[in-house]
Amino acid sequence: MTSEIISSNELSKADPVFGQNSFDDHEQIVFCNDKDTGLKAIIGIHNTVLGPALGGTRMWDYQNEWEALNDVLRLSRGMTFKSAITGLNLGGGKAVIIGDAKTQKTPELMRRFGEFVHSLSGRYITAEDVGMETADMDTVREVTPYVTGISQNKGGAGNPSPITAYGVFMGMKAAAKFKYGSDVLEDKNVFVQGIGNVGEALVEHLSNEGANVTISDINQERLEEVSSKYGVKIYNGQDIYNEAMDIYAPCALGATINDDTIYKLQASIIAGAANNQLAEENRHGRILQERGIVYAPDFLINAGGIINVYAELENYDRQEIMRKTENIYNTTLEILDNAKTNDLTTHEAAFNIAQERIETRKRENSK
């Protein structure tokens, strides 16, 4: 306990929640704290017009709580539009757990987090994200049914990462078709930034197609492992954004397209798995458009993971999962053509379609 309480005047100046740009009319934000397990988590429920808010739980060692709050707000908002544009009857939600997943994550902590999820009575359904594994979702399932991405031997759809990567690959090929007139990626220079589970699966698809792949990650051991496995190059330079490349695939954390990088970037296409790749969606989307760089909207092409876990709720099979994920190719082409025809950024074109679906459902619900 602490005796120091921020005065109401100071708190109003801080605008800690409603004043955040990323707040964007969230329906609910839940702060979860448990002294015994050390759990400090935030659940963001952005919108439930289309259905319950589904989105993964990320465990990350944030520098401070404001950083964690901003991340969960941006991520949960993105999930709303990801589900909407993919045609799923789901809303947008996300959770973050503050801490180092390698040293602070315990079964007790995950079960306690699951109890907080359960207290929301299904308004939020959790899943796997950065810092989480399928086994963690199995642990959460011990205390709540409101979790997806559990092991296949427990009746779940399993690890969503391979399906996420396949959707990104489909979106990348569509962007190549739009930019180059062909979706063949053979001999294209592709830089994959972030070699987690999704990044590695994307590298496998690209390698199989004959692309020239260069990988980057903060984990040197991981880089060497993936490089050896797929015969791809490791980036050893100082500034990846200054490197000549055809396609930039950000697959780690978001906001890598920002004021510091956007004018340096040499790529013709941006297509990756990371969420919220544009630090400022409208402004940076317009700059990319002006520079002739094709941006495949992240919340569209990385939707394979949510398609995969949605199967657990709707009971459709692997074949249907793959069909829906492959359709990301067609949707991406439609979005890129729409943006060109209507002089919109690709983000605006995708956002407008997603928002219209939400507004249509809202009107239907009000009748």
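## A walk through the model

What you have open is a predicted model, where local features need pLDDT of at least 70, side-chain atom pairs count only at pLDDT 80 or more, and totals for chains, interfaces and linings use all residues. Residues are numbered from 1 along each chain as its sequence is written, and side-chain values use heavy atoms, with hydrogens and water left out.

Zoom out for a moment. The C-alpha trace spans about 60 × 50 × 45 Å along its principal axes. Of the 367 residues, 54% count as buried (under 20% relative accessible area; exposed is over 50%, and partly exposed is in between, using a 1.4 Å probe and protein chains only).

**Stop one: two crossing helices.** Select residues 161-180, helix α5, and residues 328-341, helix α12. Their axes come within 8 Å and cross at roughly 40 degrees (axes are lines fitted to C-alpha atoms, for helices over the stretch in contact, and angles run from 0 to 180 degrees between N-to-C directions). That makes α5 oblique to α12 (under 35 degrees is roughly parallel, over 145 roughly antiparallel, 65 to 115 roughly perpendicular, and the rest oblique).

Which residues of α5 and α12 make the contact? Show side chains for residues including Met 170, Ala 174 and Phe 178 of α5, and Tyr 329, Leu 333 and Leu 336 of α12 (contact means heavy atoms within 4.5 Å). The residues of this contact divide into eight nonpolar, three polar and four charged (Ala, Val, Leu, Ile, Met, Phe, Trp, Tyr, Cys and Pro are nonpolar, Asp, Glu, Lys and Arg charged, and the others, Gly among them, polar).

**Stop two: Thr 80.** Next, click Thr 80 in helix α2, residues 65-86. Is Thr 80 buried or exposed? At 2% relative accessibility, Thr 80 counts as buried. Leaving out residues up to four places away in sequence, Thr 80 touches His 46, Asn 47, Gly 91, Gly 92 and Ile 358.

**Stop three: two loop residues.** Pick Ser 121, in the loop between α3 (107-118) and β6 (124-125). Ser 121 has a phi near 55 degrees, a positive value in a residue other than glycine, and counts as exposed at 56% relative accessibility. Finish at Asp 343, in the loop between α12 and α13 (346-366). Asp 343 also has a phi near 55 degrees, and is exposed, with a relative accessible area of 52%.

Methods: Helix = DSSP H or I, 4+ residues; strand = E, 2+ residues; numbered from the N terminus.
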